[in-house]
Amino acid sequence: TAHDVIDFMNVKAKENNMDIVLLAGKNIKEVCGDENQIKQVIQNLLGNAIKYGLSGTKITLKLENSDNIPPSKTMEIESCPSVKISVNNKGKKIEAAKLARLTERFYRLQEHKDQNIKGTGLGLSIVKHIIIRHKGNLTVTSSSGKGTTFSVYIPAWKE
């Protein structure tokens, strides 16, 4: 699934002089969810990483098993092992106050509007709603040196 999305998104990444790197842990579990929706999540996250990352940098898509899903104040989550899908790009730090609003429908950072970066502000909202449907969670971190990382936790199939 991740390979298909990377192949598709690499065309746009190359146009921005970027590379998408896949880091996959060993024995990644199978997620309990709709394959097309999971692909949509990865595609939306990579699309944003390409759109808002700095030209000439690497985008990292990382897949790893997680023992649990981080708690959420706003979403009902499963209490089970999960697969963590993380997308990191190198770009300007996003202020903490703005991070919480990124998944709101039609929300866009003013600096992106000022730079005439096209978008509807729906991509991360779609990601959030897919994650809610799957009873997973989404976390976002951003720092000056490490860039911005979106991490999605999707429940893994119970064995």
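## A quick tour, starting with a salt-bridge network

Asp 4, Glu 35 and Lys 39 are joined to one another in a network of salt bridges. What you're looking at is a predicted model. Its chain has 159 residues, and 43% of them are buried. Below is a walk through the overall layout, the salt bridges, the nonpolar core and one glycine.

**Overall layout**

- The chain's secondary structure is made up of five helices and five strands.
- If you start at the N terminus and read along, the elements come in the order α-β-α-β-β-α-α-α-β-β.
- Take the contacts in the chain with a separation of 6 or more: 70% of them involve residues 24 or more positions apart.

**Salt bridges**

- How many salt bridges does the structure hold? The count is six.
- One of them pairs Asp 4 with Lys 39, with 3.5 Å between the closest N and O atoms. Asp 4 sits in helix H1 (residues 2–15) and Lys 39 in helix H2 (residues 35–52), so this pair ties together parts that are 35 residues apart in sequence.
- Lys 12 and Glu 15 form another salt bridge, and here the closest N and O atoms are 3.5 Å apart. These two are three residues apart in helix H1, so about one helical turn separates them.
- Asp 19 is partly exposed, with a relative accessibility of 37%.

**The nonpolar core**

- Now for the inside: in soluble globular proteins, nonpolar side chains tend to be buried together.
- The largest nonpolar core here has 31 residues, and Leu 46, Ile 85 and Val 152 are the ones with the most contacts inside it.
- Which elements give two or more residues to this core? They are H1, H2, strand E2 (58–66), strand E3 (82–89), helix H5 (123–133) and E5.
- H2 gives the most to this core, supplying seven residues.
- Leu 46 is a handy place to start exploring. If you set aside its neighbours within four places in sequence, Leu 46 is in contact with Val 5, Ile 6, Met 9, Ile 20, Ile 59, Leu 61 and Val 87.

**A look at Gly 147**

- Where does Gly 147 lie? You'll find it in strand E5 (residues 147–155).
- Gly 147 counts as buried, at 5% relative accessibility.
- Not counting residues up to four places away in sequence, Gly 147 touches Asn 88, Asn 89, Lys 90, Gly 91, Thr 141 and Ser 142.
- Gly 147 and Ile 59 are 88 residues apart along the chain, and their C-alpha atoms are separated by 9.9 Å. Ile 59 also turns up among the contacts of Leu 46.

Terms used
Residues are numbered from 1 along each chain as its sequence is written. This is a predicted model: local features need pLDDT of at least 70, side-chain atom pairs count only at pLDDT 80 or more; totals for chains, interfaces and linings use all residues. Side-chain values use heavy atoms; hydrogens and water are left out. A salt bridge is a side-chain nitrogen of Lys or Arg within 4 Å of a carboxyl oxygen of Asp or Glu. Helices (H or I, at least four residues) and strands (E, at least two) are DSSP runs, numbered from the N terminus. Buried means under 20% relative accessible area, exposed over 50%, partly exposed in between (1.4 Å probe, protein chains only). Contact means heavy atoms within 4.5 Å. A nonpolar core is a set of buried Ala, Val, Leu, Ile, Met, Phe, Trp, Tyr and Cys residues joined through side-chain atoms within 4.5 Å.
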